[in-house]
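I opened the model to look up the surroundings of the ligand and the packing of some helices. My entries follow.

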Amino acid sequence: MRFITYNSRNYRDIEYMNYLPEEAKKEIDIVSSVIPFKTNNYVTDYLIDWENYQQDPIYTLNFPKKEMLTADQYERMLKVKDGRHSELEIKKTIYNIRMEMNPHPAQQMTNVPVLDGEELTGAQHKYRDIILFFPSQGQTCHAHCTFCFRWPQFTKDLDLKFSMREINKIIEYIRRNEDINEILFTGGDPMVMSPSELTKYVDALLESGVKNLENIRFGTKSISYWPFTYLPEFNPEANDILQLFRKITDSGFHLSLMGHFNHPNELDNEVVQQAIHNIRETGAEIRTQSPIIKHINDNSNDWARMWKTQVRLGMIPYYMFVERETGPYDYFSIPLAEVYQIYQQAIRESGSFAKTVTGPVMSADKGKVHILGVVDSPIDGNKYFMMQYARHRDYRKTFKPFFMHYHPKATWVDQLSEASIGTPAVASSVNDHNVEM
Ligand code: SF4
């Protein structure tokens, strides 16, 4: 199968566009000026139920919709695209709307490691045992998710240009920081790279002889968005990728693909199941993760089906994230109280192998805040969220439960105030959550 990408310039060439009324196409035209839009022929041919596209979760995952902008933002775009405004005015309106969508939530450019006085802007070292590497060639994806928290990097005017090619500097940094035992290739999606590009990076790691490096991870949605990456019968380059994985595991490294799946429908067809099988045959494991997103996977049945299917296919459920405060956040966000309920019902239904999942988790400034439960206090009769850091910049602060005052509508930890049971809540919307334990 040939890889065909579509974006806001040529998406009308997709065969299934005949299912869409002109009004829906107009909405895509308007909204995709603001939200990056990219799809491909696997997503459109295998994953979307076009006869029910309005309710289809993968359509919502991939195709911009009117409701992803506020009514005011949509009207402003409509007005400026009426044929009477200049390109400059259109660009200015797009830019202004993007700036209203919190394009750079806090701390994106922090945790940048420094080597001999030079900032390695293309790496992040937040947790003591792992370094994130953003290879320059991997900063796009096979298709773009409408909810993506990294959406600004797919736009020219907001991209922070956070990427690099010099793996040797990363290797030297790992060598000098003996606590690091893992490297995570991330993006975008590092699996958009050609096998030869990826091989250069991997060979440098394997040949480096850095003793403290034990684990290699690739964060990827390619298994869902372009499984042909791993299917030699469709794609001759797939052999090179699978051989590369085998080489990594044969060298004694633990290799894990951090597979991004948002909905069980992504796992239903034989193509994706064969890709998963081929990856696992190389000795690599696949750990799965996704945010919980309104209109896409906001019910426990979908999560239970997704986790059960992942386990059956030999994958390891890993993280359920909470959607971050950026992009079309009002459309996708779910209150934490509801998120927790969905998690609780789903995990009860999922069987013992799915208990490897950590969730629900907010990737916040200081670390990964894990919601452990909602507690009715017998002392003061109030409700509290019980939380802990599953990861913290300072590892000594992990796995220590703490309480936050409950609010039924809060969607992020910084909207809650910290609690000491028995004392009244202070005003909510605390700006920085700085619980010291
Ligand atoms: S695959 Fe990941 S990085 Fe790429 S658009 Fe989707 S959420 Fe964003």
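Which residues surround the ligand? I listed Cys141, His144, Cys145, Cys148, Arg150, Gly187, Gly188, Asp189, Lys221 and His260, taking a residue as near if its C-beta atom, placed from the backbone, lies within 6 Å of the molecule. Sorted by class, this shell has three nonpolar, four polar and three charged residues. Ala, Val, Leu, Ile, Met, Phe, Trp, Tyr, Cys and Pro count as nonpolar, Asp, Glu, Lys and Arg as charged, and the others, Gly among them, as polar.

I noted the conventions. Residues are numbered from 1 along each chain as its sequence is written. The model is predicted: local features need pLDDT of at least 70, side-chain atom pairs count only at pLDDT 80 or more, and totals for chains, interfaces and linings use all residues.

Next I looked up helix H11 (residues 300–312) and helix H13 (residues 336–349), whose axes come within 8 Å and cross at roughly 40°. Helices are DSSP runs (H or I, at least four residues), numbered from the N terminus. Axes are lines fitted to C-alpha atoms over the stretch in contact, with angles from 0 to 180 degrees between N-to-C directions. H11 is therefore oblique to H13; angles under 35 degrees count as roughly parallel, over 145 as roughly antiparallel, 65 to 115 as roughly perpendicular and the rest as oblique.

On the H11 side I found Ser300, Trp303, Ala304 and Trp307, which meet Ile342, Gln345, Ala346 and Glu349 of H13 (contact: C-beta atoms, placed from the backbone, within 7 Å). Five of these residues are nonpolar, two polar and one charged.

Key. Helices (H or I, at least four residues) and strands (E, at least two) are DSSP runs, numbered from the N terminus. Two residues are in contact if their C-beta atoms, placed from the backbone, lie within 7 Å.
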